[in-house]
Amino acid sequence: MRKSRSAQLIAGALAGALVLAGCSGAGETSTNPAAPAADSSTGVTKDSVVIGTHQPLTGPAAPGYSKISVGARAVYSYINDAGGINGRKIDYKVEDDGYNPTKTVEVVKKLVLQEKVFAIVGGLGTPTHSKVVDYLNTEGVPDLLVSSGALAWDDPKKSPMTFGYQVDYTREGKIQGKYIKENFAGKKVGYFTQNDDVGRDTQKGLDQFLTEQTVSKQGYDSANTDVTPQLSALKAAGAEVVVCECVPAFTALSILAAAKIGYKPQFVVSSIGADPTTLSGLLQDFAKRSGASVSSAQLLSGLVGTGYLPDVGLIDDPWVKFFKDIHDKYIPAEPLTNTVMYGMVQAYTFSQALKAAGPDLTRQKLVDAMTSGSLKGPGLTPFGFSKDSHSGYTGAYVFQINPDTTTKILQPPAVTDRATGAITPYSGERLTPEQVNLTAK
Amino acid sequence: MSVRTQISDDVLPSTAGPVRRKRSLPPLIVHLLWAVLGLALVILLTLVTDPFTNLRMATVGYYLIAVAGLALLTGFNGQISLGHGAFMFIGAYTVALLVIHVPTFPLWLDLVLAAVASGVAGALAGAAAARLKGPYLAGATLALAVGLPALTQRFPDFLGGSNGLNFTVNSTPDGLVGVVPPTRWQTWVVWLTVLIALVLLANLIRGRIGRSFRAVRDDEVSAALAGIHIGRTKILAFLVSAVCGGLAGGLQAFLLGTAAPGSFTVALSLSLLAAVVLGGLGSIWGALWGAIALVYFQAWSEDFADVLHLSTNVANNLPLAVYGVILIFVILVFPHGIQGGIQRLRALRGRSKRSEGES
């Protein structure tokens, strides 16, 4: 008895201590938040600037996406060999988060607290990056060119430090939806989307055009690689066009699953999962693992996709040539895919902003350079960056994969907004690498 | 076999104990003193290390309570669970939902409710598990780890789908904002909670309940003959263990401000069990070594891979490979885990001292 009473007393005392430790509500915002020091130049020295990123080098999103940072690193090496930006070499730290949000928080805190990075550039993934946006904005760390098309990055009031990069999923969905409505009129359409912002935001765009044609909506979770049930459901619903809003691994899995059940719909794939070279590699790889051999060219032929960066197959494009030269010099062993190109353009765009921020570098100046609207370069559609918008590329073109896995443009670049505005063809001028001349002193 | 000899060692001093016990302090006080000492040590360490090391210490903290809970279940009660990540999942989502929907609740209440929620789940799982043994039990708990996170897909609006939930936990008292860095404060809160839970756990293990756990583990028939209700004891062990798991999940959510299904994979459940085995079955100290190993082996092997400039394919698999090799090595050299090894070394030293004294 004595023992239990003392146990109660102590438990009471400890509970009291905990009460004191957390007397204000855990979900209430602090009354006096520490103001971030935006004029900080953490991570900057006279001759270097440290930046970091979180990438899925392992895990479900790694096939394909693990090459983005390889491309980015090649561009940084090229810039550093040419003397850096404003005399500063770029020290690029890549942390693997395995597409696991818990790990993302951990590695981003590591980058900010231990590596003392100046900015986070191109953090990859919606489920992952959404967990660190608040942290980075509270700490006042620029969070640039997020590798995801979620709408969440474009919120200048709440997240002044965060900027998007790729065309957002709603804009892309609108362009896809309009294209399907005009070119596959009257055909039954099925959606196959990732169960997160990718799916939700894209459907906001698709639904503006396709509600009448849609017969089935299926979703997948990146942890479950068996997509046969969903594809069977789409087949059963009679969908003739399948809009696949999938990461590369899941585009490949859906194509294989469809082939397995003898289902031949017209696939329309969004830019995140429509890179022909990455897809053919994955198709071969997955098929080999299940003991089959497939002709990826045959499976991919006719697939329709959207994009906003120049395709690596367009060797006459001055930017493709420029990046191919960097590729051949720094990462010749790595196949040059659109995914590698994605990382290269991202690194190039960041370096442009870094240059525009001037020689007396602070975090605020970098953010100002981003919003200045002066960033023009490799992309085929313009960035939406301004004081009121932090959205990345504002439009896309539509392409189709040829039987030899090269691509042809079906519909030239068009731009639109993230609400219900019209889709208009884009014919703005595009600067060449020589005109941008990034490494000029 | 070896387990039984350990038990008799445990039992002997307590039967011959009353004389000695009167002089020594009651176990609760001893445990509390250890906890206060531990907290003081943690606070001291956080003061001399950088914020990121603080974060890692806090990570060790929440893994410690999860591993300790699992050690109680597996080491003391002989039940295996391949699904403890599921209880962390429940704890994390409870805290997340409370922070988002009931922002006025203080953190301690959120954590208590997280522990209660996972305790209820643990009792339910335990009721099923008490009827199962060996591979069947392993399979059933594994199903829990695989199935539960899928709930987020079922209720995407409420649980956030694959994206999970993110939120900001405000825990620093207003007076300390700007005085104590947030990461340091979080580390203190995590360790305070963990140590309180460990004191309760240690007391439970020392007391009548702990003895019945061990009796059931060693021989169910004789335990039943001694008047112990087998089913109830097993369910209780599962419940306590689940509470620990839930608390760990709640602390993780508090620390990282996120709860997402991608964090509670089967791999997490398996690595918790590996940590229990590595640290030493059936010991809270073992849980500490296991938790430290879980956090630091990975960090070290990643740094190591960085230093060697290994290709990404090698570098990415190195942490797992290193962990595996260390696990095999420890089990070969110290079959009772790191804590078992420490005890054996201590026993050897004691014996050599004694023999020196005799000669």
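This is a predicted model: local features need pLDDT of at least 70, side-chain atom pairs count only at pLDDT 80 or more; totals for chains, interfaces and linings use all residues.
**A helix pair within chain B**

- Helix H11 (residues 208–218) of chain B and helix H13 (residues 230–256) of chain B have axes that come within 10 Å and cross at roughly 110°.
- Angles of 65 to 115 degrees count as roughly perpendicular, and H11(B) and H13(B) are therefore roughly perpendicular to each other.

- Helix H4 (residues 101–114) of chain A meets helix H4 (residues 51–76) of chain B, so do mind the chain letters here: the axes come within 8 Å and cross at roughly 150°.
- An angle over 145 degrees counts as roughly antiparallel, and that is therefore how H4(A) and H4(B) are arranged relative to each other.
- From H4(A), A:Lys109, A:Lys110, A:Leu113 and A:Gln114 take part, and they meet B:Pro51, B:Phe52 and B:Leu55 in H4(B).
- The contact of H4(A) with H4(B) is made up of four nonpolar, one polar and two charged residues.

**The two domains of chain A**

- Domain 1 of chain A covers 48–166 + 314–393, while domain 2 covers 169–307.
- The C-alpha centres of these two domains of chain A are 27 Å apart.
- Where the domains of chain A touch, 16 residues of domain 1 are in contact with 18 residues of domain 2.
- Three elements of chain A give two or more residues to the domain 1 side of this contact: helix H2 (62–65), helix H5 (126–129) and helix H14 (338–356).
- That side of domain 1 of chain A has nine nonpolar and seven polar residues, with no charged ones.

**A four-stranded sheet in chain A**

- Four strands of chain A form an open sheet with parallel pairing, in the order S2-S1-S3-S4.
- Strand S2 (89–96) and strand S4 (143–144) of chain A are at the edges with a single partner strand each, so one side of each has no neighbour in the sheet.
- Strand S1 (residues 48–55) and strand S3 (residues 119–121) of chain A pair in the parallel sense over two bridges; here A:Gly52 has A:Ile120 in S3(A) as its bridge partner.
- Helix H3 (residues 68–81) of chain A packs on this sheet and touches S1 and S2 of chain A, with its direction at about 165° to that of S2(A).

**A hairpin and a further strand in chain A**

- Strand S10 (residues 395–401) and strand S11 (residues 407–415) of chain A pair in the antiparallel sense over six bridges, with A:Gln411 in S11(A) as the bridge partner of A:Val398.
- These strands, S10(A) and S11(A), form a hairpin with five residues between them. In the turn, A:Thr405 has a positive phi of about 65°.
- S11(A) is also joined by two bridges to strand S12 (residues 424–425) of chain A, and the two run antiparallel. A:Ala414 has A:Pro425 in S12(A) as its bridge partner.

Note on methods. Residues are numbered from 1 along each chain as its sequence is written. Chains are lettered from A and ligands numbered from 1 in the order in which they are written. Axes are lines fitted to C-alpha atoms, for helices over the stretch in contact, and angles run from 0 to 180 degrees between N-to-C directions. Angles under 35 degrees count as roughly parallel, over 145 as roughly antiparallel, 65 to 115 as roughly perpendicular and the rest as oblique. Two residues are in contact if their C-beta atoms, placed from the backbone, lie within 7 Å. Ala, Val, Leu, Ile, Met, Phe, Trp, Tyr, Cys and Pro count as nonpolar, Asp, Glu, Lys and Arg as charged, and the others, Gly among them, as polar. Domain bounds come from an automatic or database domain assignment. Two strands pair if DSSP finds at least two bridges between them.
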